Amino acid sequence: MRRQTINAERASIQSALQQLDLALQRHNQWYDAVIRTLVCDLPGEPDDVAPDAHHRCPFGRWYYEDAPDVLHRHPGFAAIEEQHERMHGLAAKLLGSLGNGQSVSVTDFDAFARELENLRLEIFTLRRDLENALYSLDELTGAGNRIGMLGVLREQQARVDRAVQSCCVVMIDIDHFKRVNDTWGHPAGDRVLAASARQLMKQLRPYDKLFRYGGEEFLLSLPDTDLDTGHALAERLRESVAALLIPLDGHASIHVTMSFGIARMEPGLVVEQAIAHADKAMYEAKRAGRNCTRVWVEHTATADGTPSA
């Protein structure tokens, strides 16, 4: 069943990529028509100078009416909307000048060209993210796999180094997972892995990323998150999984718990160091009795994010 879910997710991403490519092709056709109008001094289309021109073009109609849910869930899709609207505002200004018998300003045309390039960059970035998701999913859990993990984390580290935003990483381990396998068998262990990952991902923000790190371990990337916020989110995730009842084929349903270790990415340190800190904090949670969260602060793992004496 879980494999069917992953295949369905991949099919939806493939369909979204195809739709995005077709919409971009139509947008390029619109652009060609606008350039022809400007160069040849032709009458413009009324829709292109309307206040809601970004809703009326072929790309805009697809964006607002037909774009699939998998795109709407992606944070980059909202950025495309803003860029697309700005680009259309500048196009309308150019066409309006032409329609009023005025010459087209070089400054206005350059601004339009820049916004168009920015729009294409946003679309390219979205497309790259979708392709990465398509080929970087763990087959069992639906979380990201380690193929794409370091690339995502290094992008976050670059933002931390530039003081653009803070970022936390969280190491997560299912408590007593070997006992699940030994008592109910490996198919039951697979069911626990898939159900736990699904429960985690349901609680995440659109820009958070969950990866299967290996075995029963997961790594969570929390962009634009300080330690206090990350600790609160980890606690909500921990409580959510602990409350989850997981049915096992041929057996009674069971509960499992998770141990969490959280660390902040630090400027000038490599990603692997943040992972190591989070891993040590997670083992502190294990030593504290499991089913709890520990935070790495100033080389000391604590329960609430404050340095211990």
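Student: At 42% relative accessibility, does Val49 count as buried, exposed or partly exposed?

Tutor: This is a predicted model, with residues numbered from 1 along each chain as its sequence is written; side-chain values use heavy atoms, leaving out hydrogens and water. Local features need pLDDT of at least 70 and side-chain atom pairs count only at pLDDT 80 or more, while totals for chains, interfaces and linings use all residues. Buried means under 20% relative accessible area and exposed over 50%, with partly exposed in between (1.4 Å probe, protein chains only). Since Val49 has 42% relative accessibility, it counts as partly exposed.

Student: Which residues does Val49 touch, not counting those up to four places away in sequence?

Tutor: Val49 is found in the loop between helix H1 (2-40) and helix H2 (53-56); helices (H or I, at least four residues) and strands (E, at least two) are DSSP runs, numbered from the N terminus. Contact means heavy atoms within 4.5 Å. With residues up to four places away in sequence set aside, Val49 touches Ala92, Leu95 and Gly96.

Student: Thr37 lies in helix H1. Which residues is Thr37 in contact with, leaving aside its neighbours within four places in sequence?

Tutor: Thr37 has a relative accessible area of 12%, so it is buried. Apart from neighbours within four places in sequence, its contacts are Leu42, Pro43, Gly44, Leu95 and Leu98.

Student: Let's turn to the strands. Why is strand S6 (residues 258-264) largely enclosed by the rest of the structure?

Tutor: Good one to check by eye. The strand has 7 residues, and what makes it largely enclosed is how many of them are buried. The count is 6 of the 7.

Student: In S6, which residue is the bridge partner of Val170?

Tutor: Two strands pair if DSSP finds at least two bridges between them. Strand S1 (residues 167-174) and S6 have 7 bridges and pair in the antiparallel sense. Within S6, Val170 has as its bridge partner Ile262.

Student: And in S7, which residue is the bridge partner of Phe260?

Tutor: S6 and strand S7 (residues 293-297) run parallel and are joined by 4 bridges. For Phe260, the bridge partner in S7 is Thr293.

Student: Is the β-α-β unit made by S6, helix H11 (residues 271-287) and S7 left-handed or right-handed?

Tutor: Point the strands away from you: a crossover is right-handed if the path from the first strand over the helix to the second runs clockwise. The unit of S6, H11 and S7 is left-handed.

Student: Which element gives the most to the lining of the largest cavity?

Tutor: On a 1 Å grid over the protein atoms alone, a cavity is a set of points where a 1.4 Å probe fits but cannot get out, a pocket is an open set with protein on both sides within 12 Å along at least five of seven lines, and lining residues have an atom within 4 Å of a point. Grid points are joined across faces, edges and corners, and a volume is the space filled by probe spheres set on the points. The search finds 1 cavity of 30 Å³ or more, and among the residues lining the largest cavity are Arg264, Gln273 and His277. The most, 3 residues, comes from H11.

Student: Which element gives the most to the lining of the largest pocket?

Tutor: The largest pocket holds about 1700 Å³ of space. Of its 49 lining residues, the closest to the centre are His74, Ala133, Pro206, Asp208 and Lys209. Elements giving two or more residues include H1, helix H5 (75-99), helix H6 (106-135) and strand S2 (209-214). The most, 10 residues, comes from H6.

Student: How far apart in space are Ser240 and Ser196, C-alpha to C-alpha?

Tutor: Ser240 lies in helix H10 (residues 227-242) and is buried, with a relative accessible area of 13%. Leaving aside neighbours within four places in sequence, Ser240 is in contact with Gln199 and Gln203. Ser240 and Ser196 are 44 residues apart in sequence, and their C-alpha to C-alpha distance is 9.4 Å.

Student: What is the positive phi of Ala163, which is not a glycine?

Tutor: Most residues other than glycine have a negative phi. Ala163 sits in the loop between H7 and S1 and counts as exposed, at 68% relative accessibility. Its phi is positive, at about 60°.
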